[in-house]
Amino acid sequence: MADPCSERPEVWAMEPFRVAQSPPAAYYIPDFINEEEEQYLWQQIYNAPKPKWTQLSGRRLQNWGGLPHPKGMVAEKLPPWLQRYVDRVSSLGVFGGRPANHVLVNEYQPGQGIMPHEDGPLYYPTVTTINLGSHTLLDFYHPVTGEASPGSQENSSPQTQEERHAFSFLLKPRSLLVLQEDMYVRYLHGIRPVSTDTVTQKVANASLCGCGIGDTLPRQTRVSLTIRHVPKVLKTSIILGRRK
């Protein structure tokens with residue numbers, strides 16, 4: 001299948017896609033890619049060599065671009081089919097003028113998810129995600145701290161995960177999500193391991209997705225492309241413990 005990316009040279013203005021109902025800053029772009037591009041990416045991902053997949057608890061993934069590490073990432077060239085879409089995301093200017101250089105491809109089957117987590121300091125403080133195949137609900141949580149939450153009793157017991165749940169985003173197929181600022185550094189994000197999602201008042205972008213409160217959405221296989229910029233890249237390659 002020919003790559004359809006080059007047929008859609010688009011320049012996106014980000015501000016119209018800001019999710020006003022969330023803390024700063026989240027942007028949700030429906031139909032960032034079209035159905036033909038989604039099919040193309042899906043095909044390329046599943047045509048990747050089997051050793052490229054890593055099986056984790058609750059999902060499996062492919063790592064492209066190198067392995068981020070506190071001492072620096074040994075960069076690996078992205079394949080052309082992926083580089084084109086990484087370039088499209090980079091052209092939005094969301095990485096402070098820097099190009100994205102790392103992609104995690106995650107596959108989630110219905111009933112699979114990921115525990116609340118933060119992306120951390122190895123990356124430029126922006127995360128972007130292209131969604132393929134199925135919707136999901138991405139949940140955001142207040143981190144566990146020693147401080148009492150607003151309105152709670154000063155000596156309250158540690159909050160449960162449900163109590164710390166602040167809001168969610170509905171991510172539909174072919175959409176792009178961009179998280180920056182407080183959304184990157186002040187909240188944890190995760191996906192509940194369920195097979196069906198219900199749209200509630202906590203879904204901050206429900207109106208942008210054409211969904212109503214109470215709608216139930218069965219999950220199918222979802223693949224996400226998490227595209228980021230790793231600032232610390234080693235200038236040299238390491239082979240058999242030696243630098244060259």
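A charge is taken to sit over a ring when NZ of Lys or CZ of Arg is within 6 Å of the ring centre and within 35 degrees of the ring normal. With that in mind, and remembering that this is a predicted model, begin by selecting Lys52 together with Trp64, where Lys52 lies over the face of the Trp64 ring at 4.1 Å from its centre. Then move to Arg228 and Tyr123, where Arg228 is placed over the face of Tyr123, at 3.8 Å from the ring centre.

Select Tyr46 and Trp53, which form a tilted pair with 5.7 Å from centre to centre and 35 degrees between the planes. If you display the surface here, Tyr46 is partly exposed, with a relative accessible area of 28%, whereas Trp53 is buried, at 13%.

Now select Phe95 and Tyr124, an edge-to-face pair whose centres are 6.4 Å apart and whose planes make an angle of 70 degrees. Phe95 belongs to the loop between helix H2 (80-90) and strand E4 (102-108), while Tyr124 belongs to the loop between strand E5 (114-117) and strand E6 (126-132), so the pair ties together parts that are 29 residues apart in sequence. Of this pair, Phe95 is buried, with a relative accessible area of 0%.

For the last stop, select Phe140, Phe167, Phe169 and Tyr187 together, and follow the ring pairs that link these four residues into a cluster.

Notes
Residues are numbered from 1 along each chain as its sequence is written. This is a predicted model: local features need pLDDT of at least 70, side-chain atom pairs count only at pLDDT 80 or more; totals for chains, interfaces and linings use all residues. Side-chain values use heavy atoms; hydrogens and water are left out. Rings of Phe, Tyr and Trp (its six-membered ring) pair if their centres lie within 6.5 Å; planes under 30 degrees apart count as stacked, over 60 as edge-to-face and the rest as tilted. Buried means under 20% relative accessible area, exposed over 50%, partly exposed in between (1.4 Å probe, protein chains only). Helices (H or I, at least four residues) and strands (E, at least two) are DSSP runs, numbered from the N terminus.
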